[in-house]
Amino acid sequence: MSFSDIYGIAGSAMQAQTLRLDTVASNLANADSIASSEADAYHALHPVFSAVYQSTLGSGDDVGGAQVATDGVIADSSAVQRRYEPNNPLADSDGYIYASNVDTVQEMADMMSASRSYESSIEVLKRVNSMQDGLLSLGQTS
Amino acid sequence: MSISLDQELSLHGYALEVRTLRSQILAGNLANIETPGYQARDLDYQSIMSSVAQSLDAQQQAGNSTATAVPLPSSDDLLYRIPYQVSEDGNTAELGPEQTRFTQNAMDFQTSLTFLNMKISGLKEAITGE
């Protein structure tokens, strides 16, 4: 029976979405962080997901689902905001400060999408649980 | 007339097996809903079960009392999903349809379980004579 594989798949999805929420939280928290150079400015973080196919019997010829793997977290390379604030203690010699390149609206949308996906994994777990429950009580007269 | 337990129950057993496999594949699709380039897979339940039923029938006609060697779905049965709308990152898994299929598959699993339970209680009645 491949129930344990389904638990593994749903678990990997929950792990991936948790990481995504993690980066969203970090990005939103640092949306207003400033720095005195472009390199030090906060760059938005994004996780990179990939699919890992697995076979049920390990022979490679049979069917199986796909888990999610996280290949890493990349920093957004788009340009950071540069503002002229000569009175700011973090301003560089020319009076500029460097704010983050976080797109708050996009992060909010990302957050909703991540929590939706997380919920759907929980739904998968619930369903599989009730499938297994039914199978365990097979043949028992109610 | 003799009753073979294998013959009575085997088709539903295979149905449960295929349903479990399908839920595993659909869970994989749901898990990779955000993975760029992921291609959603699925099993054609109807064609698999009709081939299982055919081979079970053939065994029955050949006089085999034990139902064995009905092949389970292989990777050839694993089809690719054609999405309603192609997303820009090449992912062909769509949350709504996949969730619906998963739920329907789980309900069909419960239906097969109910059929199996009814068969078992019918056989029990036949055995105990109550």
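## Helix H2 of chain A

In helix H2 of chain A, the buried residues are A:Glu107, A:Asp110, A:Ala114, A:Ser117, A:Ser120, A:Ser121, A:Val124, A:Val128, A:Met131 and A:Gly134. Buried means under 20% relative accessible area, exposed means over 50%, and partly exposed lies in between (1.4 Å probe, protein chains only). The helix covers residues 104-136, 33 residues in total, and extends 48 Å from its first C-alpha to its last, close to the 48 Å expected at 1.5 Å a residue; the expected span is 1.5 Å times one less than the number of residues. Helices (H or I, at least four residues) and strands (E, at least two) are DSSP runs, numbered from the N terminus.

A:Lys126 also belongs to helix H2 of chain A, but this residue is exposed, with a relative accessible area of 52%. Between A:Lys126 and A:Leu138 there are 12 residues of separation in sequence and 19 Å in space, C-alpha to C-alpha.

## Basis of the model

This is a predicted model, in which local features need pLDDT of at least 70 and side-chain atom pairs count only at pLDDT 80 or more, while totals for chains, interfaces and linings use all residues. Residues are numbered from 1 along each chain as its sequence is written, chains are lettered from A and ligands numbered from 1 in the order in which they are written, and side-chain values use heavy atoms, with hydrogens and water left out.

## The interface of chains A and B

The contact (heavy atoms within 4.5 Å) involves 38 residues from chain A and 37 residues from chain B. About 3,000 Å² is buried between the two chains, with carbon and sulfur atoms giving 66% of that area; buried area is the accessible area (1.4 Å probe) that two parts lose on being put together, summed over both.

One kind of link between the chains is the salt bridge, defined as a side-chain nitrogen of Lys or Arg within 4 Å of a carboxyl oxygen of Asp or Glu. Chain A and chain B have 1 salt bridge between them. B:Glu34 forms a salt bridge with A:Arg20, with the closest N and O atoms 3.4 Å apart. On the side of chain A that touches chain B, two or more residues come from each of helix H1 (3-29), strand E2 (45-53), strand E3 (66-75) and H2. H2 of chain A gives the most, with 10 residues.

## A buried loop residue in chain A

A:Ala41 is found in the loop between strand E1 (34-35) and E2 of chain A. This residue is buried, with a relative accessible area of 5%. Leaving aside residues up to four places away in sequence, A:Ala41 touches A:Ala35, A:Val80, A:Tyr98 and A:Ala99. A:Ala41 and A:Asn101 are 60 residues apart in sequence, yet 8.3 Å apart in space, C-alpha to C-alpha.

## Salt bridges within the chains

Over all chains, the structure holds 9 salt bridges. In chain A, one of them joins A:Glu85 and A:Arg83 (3.3 Å, N to O). A:Glu85 is partly exposed at 29% relative accessible area, and A:Arg83 is partly exposed at 33%.

In chain B, B:Glu98 and B:Arg101 meet in a salt bridge (3.7 Å, N to O). These two residues are 3 apart in helix H3 of chain B, so about one helical turn separates them. Through shared partners, salt bridges join B:Arg22, B:Asp42, B:Arg81, B:Glu98 and B:Arg101 into one network. Within chain B, B:Asp42 pairs with B:Arg81 in a salt bridge, the closest N and O atoms being 3.1 Å apart.
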